[in-house]
Each structure stands twice: as C-alpha cells, then as structure tokens.
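Hello,

The structure we discussed follows, and my notes come after it. Please read them alongside the coordinates.

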Amino acid sequence: MARILVTGGAGYIGAHVCRALAARGDQPVAFDNLSSGHQHAVQWGPLVTGDIRSPAALDQAFQEYKPDAVMHFAASIEVGEGQQKPQQYWDNNVGGLISLLGAMGRAGVKPIVFSSSCAVYGAPSSIPIRESETRAPVSVYGQTKHAAELLLADMALNDDARFVALRYFNAAGASPDGEIGEEHEPETHLIPNALKVAAGLGPDRLKLFGSDYDTRDGTCLRDYIHVVDLAAAHLAALDRVLAGPSQLFCNVGTGQGATVLEVLQAAERITGARIPYDIHPRRPGDPAVLLAETSLAKAQLGFQPRFSSIDQILTDAWNFHARKWRV
Ligand code: UFG
C-alpha cells in the first residue's frame with residue numbers, strides 16, 4: 001500500500017487515477033485548487049484544497065499525509081487559452097512544477113509521475129511519433145510541458161532521479177459506470193462537443209476545423225486513448241518510480257488513430273442521433289496527424305491499451321454525458 005499525493009486529483013485524468021489507485025489498495029490524496037477540477041470528482045480519498053504554487057499549502061499537505069510519491073496532473077491545459085495567457089501558463093505549469101519539486105525536496109519525497117503531452121512534439125513529420133523525435137512545440141502549452149520535461153531531466157544531473165513523464169495523446173472517454181468523465185468549462189475538445197450536439201444541447205451544428213489536411217479524409221487524425229487505459233499507464237509508471245531510479249519520457253497512445261469525421265460517424269452510431277457540422281477554417285496550431293509510437297510504453301511499462309477503440313471511448317463518454325445531462 002502506498003500513499004500518493006495526486007495534484008489535480010479533482011480533474012478529469014487525476015480523478016480516474018485516484019479511483020484506480022484506491023481500487024488496488026493504494027491511498028490517493030487529492031491536492032487541487034478547484035480552479036477547473038470538481039469537488040464531486042474526489043471520491044476515493046481526502047481532498048486538500050490548495051495551489052501547487054503555494055509552498056505553505058504543499059508543505060502542510062506533505063507533513064499531514066506523508067506521501068510516498070507524487071502524481072502531478074495539476075496544470076493549465078487549453079492550447080488556445082495558453083496562446084492568450086502565456087505568462088499564466090508558464091506560471092502554473094512550470095512555476096508550479098518548480099514549487100512542487102521544492103516541497104518534495106523539503107519533505108524528502110522523490111518519486112514523481114508527471115503529466116506531459118504529445119504537444120511537446122509540435123507538428124512532427126515522422127509518423128508514428130517516437131519519443132526520440134525532436135521536441136518542437138507549436139503552442140505555449142506545449143512549450144510549458146517541454147520546459148517541465150527539461151527541468152525534470154536537469155534535476156537528475158546531481159541526484160538519483162525517480163520520474164516518469166507520460167506524454168499523453170488525446171485522452172478521451174469516461175468511467176464505464178458513468179461516474180466520472182470529462183467536464184471542462186469551456187469545452188474545446190472534439191468528443192464532448194460532438195456529444196453535446198448529438199444531445200441537442202446546442203450548438204445546433206458542430207464546427208469542424210479544417211477539411212483540407214493531408215489525411216485520408218482531409219480532417220485531422222488523432223490518437224485517442226481511453227482515460228481508463230491512461231490511468232492504468234499511470235499505475236505502471238508509479239510502480240516504476242516507487243521501485244527505484246527512473247528517468248523515462250514515454251508516449252501513451254494506441255498507435256491507431258481516428259479522423260474528425262470518423263469520430264463524428266462513431267458518435268452518430270453510438271448516440272443514434274445526427275451530428276450536423278459546418279466546415280470552418282483550420283484551428284491555429286492543429287497538426288494534421290498525431291499518432292504515437294507505442295513500443296516504449298509496452299517495453300518499459302508493460303502497458304497496452306485495452307479499452308481504446310473509438311467505439312468504446314464514445315460509448316463510455318456518451319454514457320457519462322447522457323447521465324450528467326439527463327438525456
Ligand atoms: N475539433 C473540431 N471541432 C471542435 C473541437 C475539435 O473540429 O469543436 C478538431 C480539432 O481541430 C482537432 C481535433 O478535432 O483537429 C481534436 O481536437 P481536440 O481539441 O479534441 O484535441 P487536440 O488534438 O487539439 O488536443 C490534444 C490534447 C491537448 C494537446 C494537443 C496537442 O487535448 O492537451 O492535443 O496538439 F495539447
């Protein structure tokens with residue numbers, strides 16, 4: 001049994017990981033400022049309401065709960081917003097990590113699993129994307145995740161580091177029982193927006209950003225990974241950092257992909273509703289194709305996705321949203 005401080009534990013992925021930790025007998029302690037997380041998503045352990053940029057709040061949490069490791073999800077995550085508020089993104093995503101590593105140092109806690117992103121690669125030409133691919137972010141958000149990775153690597157210069165940085169591709173889906181799922185406000189992600197149209201909760205038509213990409217149907221292709229699979233990858237990463245020294249940067253995806261149109265077709269199949277759309281200009285910063293090379297995750301973490309078919313993702317996402325929206 002391990003006790004884990006889960007920053008961002010009231011958020012979408014953090015809450016799923018807390019649930020998975022509790023299910024195997026570990027003790028999650030959620031640490032979240034509730035700026036975008038939800039108190040009702042914290043169901044598997046205590047919630048400490050605090051900000052990762054507050055050394056006092058962190059020190060108190062470490063003293064009270066004496067965690068064995070940290071899983072660090074708390075971050076600003078909207079690509080578009082980051083372009084408008086670069087300083088806020090650097091402050092929260094990079095300043096927040098510096099603050100957290102400081103508190104971990106004071107408490108003598110080393111193991112950390114860090115939420116990174118495929119956004120560190122920018123718009124790579126070589127597909128599927130290997131971890132060794134040049135990091136060339138095309139957004140402020142991606143820059144902050146890249147900077148955080150550099151910091152983790154540098155922390156290892158003088159010390160036995162114990163980190164795994166997971167580079168997520170497109171997290172999607174919800175818990176199969178409909179209990180927890182994606183609840184961003186405002187929502188910019190494709191799947192929840194498509195389901196909102198399907199549910200008739202407005203807007204009437206989905207905005208489809210770009211149909212002239214170099215893909216099989218002209219719309220962007222993404223590697224959607226079910227959040228339950230993503231949580232399993234985190235548990236494997238946690239076991240690794242708890243076991244000993246580790247410096248690993250690792251993709252978490254499926255290596256399969258779906259285009260925007262394929263996602264919409266699947267959403268129509270699953271919901272039984274029509275999802276009308278209008279073609280809009282390309283969204284700035286959207287690469288045509290993001291697809292993970294997955295062999296490192298398999299070799300180093302023993303991770304393989306189980307629930308990440310696009311139909312399973314949409315079935316679980318729809319189950320969650322239909323329950324939440326009472327449709
Ligand atoms: N899209 C639409 N209409 C919408 C929403 C999205 O057409 O209403 C399109 C986007 O243009 C994109 C695709 O659907 O082509 C997927 O968009 P999402 O917003 O769902 O996801 P992203 O691929 O943009 O975002 C993901 C992660 C980010 C990460 C980013 C890196 O969620 O954290 O990849 O590019 F930074």
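**Notes on the model**

Leu 34 sits in the loop between E2 and E3; helices (H or I, at least four residues) and strands (E, at least two) are DSSP runs, numbered from the N terminus. Residues are numbered from 1 along each chain as its sequence is written. The model is predicted, with local features needing pLDDT of at least 70 and side-chain atom pairs counting only at pLDDT 80 or more, while totals for chains, interfaces and linings use all residues.

**Backbone exceptions**

Most residues other than glycine have a negative phi, and most peptide bonds are trans. Leu 34 has a positive phi of about 60° although it is not a glycine. With 16 other C-beta atoms within 10 Å, Leu 34 is partly exposed. For the burial classes, C-beta atoms are placed from the backbone, and a residue is buried if 20 or more other C-beta atoms lie within 10 Å of its own, exposed if 12 or fewer, and partly exposed in between.

Lys 66 is another non-glycine residue with a positive phi, near 45°. Lys 66 belongs to the loop between helix H2 (55–65) and strand E4 (69–72), and counts as partly exposed because 13 other C-beta atoms lie within 10 Å.

- Glu 185 and Pro 186 are joined by a cis bond with omega about 0°; Pro 186 is in the loop between strand E7 (170–172) and H6.
- Gly 202 to Pro 203 is cis, with omega near -5°; Pro 203 is in the loop between H6 and E8.

**Strands**

Strand E2 covers residues 27–32, and five of its six residues are buried, so E2 is largely enclosed by the rest of the structure. E2 pairs in the parallel sense with strand E1 (residues 3–7) over five bridges; two strands pair if DSSP finds at least two bridges between them. Within that pairing, Ile 4 has Pro 28 of E2 as its bridge partner. E1, helix H1 (residues 12–23) and E2 form a right-handed β-α-β unit. Right-handed here means that, with the strands pointing away from the viewer, the path from the first strand over the helix to the second runs clockwise.

E2 also pairs in the parallel sense with strand E3 (residues 47–49), over three bridges. Phe 31 has Val 48 of E3 as its bridge partner. Thr 49 is in strand E3 too, and is partly exposed, with 14 other C-beta atoms within 10 Å. Thr 49 and Gly 11 are 38 residues apart in sequence, and their C-alpha atoms are 13 Å apart.

One of the bridge pairs is Leu 166 with Cys 250 in E11. E11 (residues 246–252) is mostly covered, with five of its seven residues buried.

**Ligand surroundings**

Which residues come nearest to the ligand? Of the 20 residues around the ligand, these are Ala 119, His 189, Leu 190, Phe 209 and Cys 220; a residue is near a molecule if its C-beta atom, placed from the backbone, lies within 6 Å of it. Helix H6 (190–198) and strand E8 (206–209) are the elements that give two or more residues to this shell. E8 supplies the largest share, four residues.

By class, the shell has eleven nonpolar, five polar and four charged residues. The nonpolar class is Ala, Val, Leu, Ile, Met, Phe, Trp, Tyr, Cys and Pro, the charged class is Asp, Glu, Lys and Arg, and the others, Gly among them, are polar. At least three shell residues come from each of domain 1 (3–171 + 225–252) and domain 2 (190–222 + 255–292 + 303–325), with bounds from an automatic or database domain assignment.

**Record annotation and one more residue**

An unreviewed UniProt entry places the feature "domain: NAD-dependent epimerase/dehydratase" at residues 4–253; the positions are given in the numbering used here, the feature name is shortened, and annotations may be inferred rather than shown by experiment. Over residues 4–253 the chain is 37% helix and 20% strand, with the end C-alpha atoms 24 Å apart.

Asn 319 lies in helix H10 (residues 310–325) and counts as partly exposed, with 19 C-beta neighbours inside 10 Å. Asn 319 and Thr 271 are 48 residues apart in sequence and 9.3 Å apart in space, C-alpha to C-alpha.

Regards
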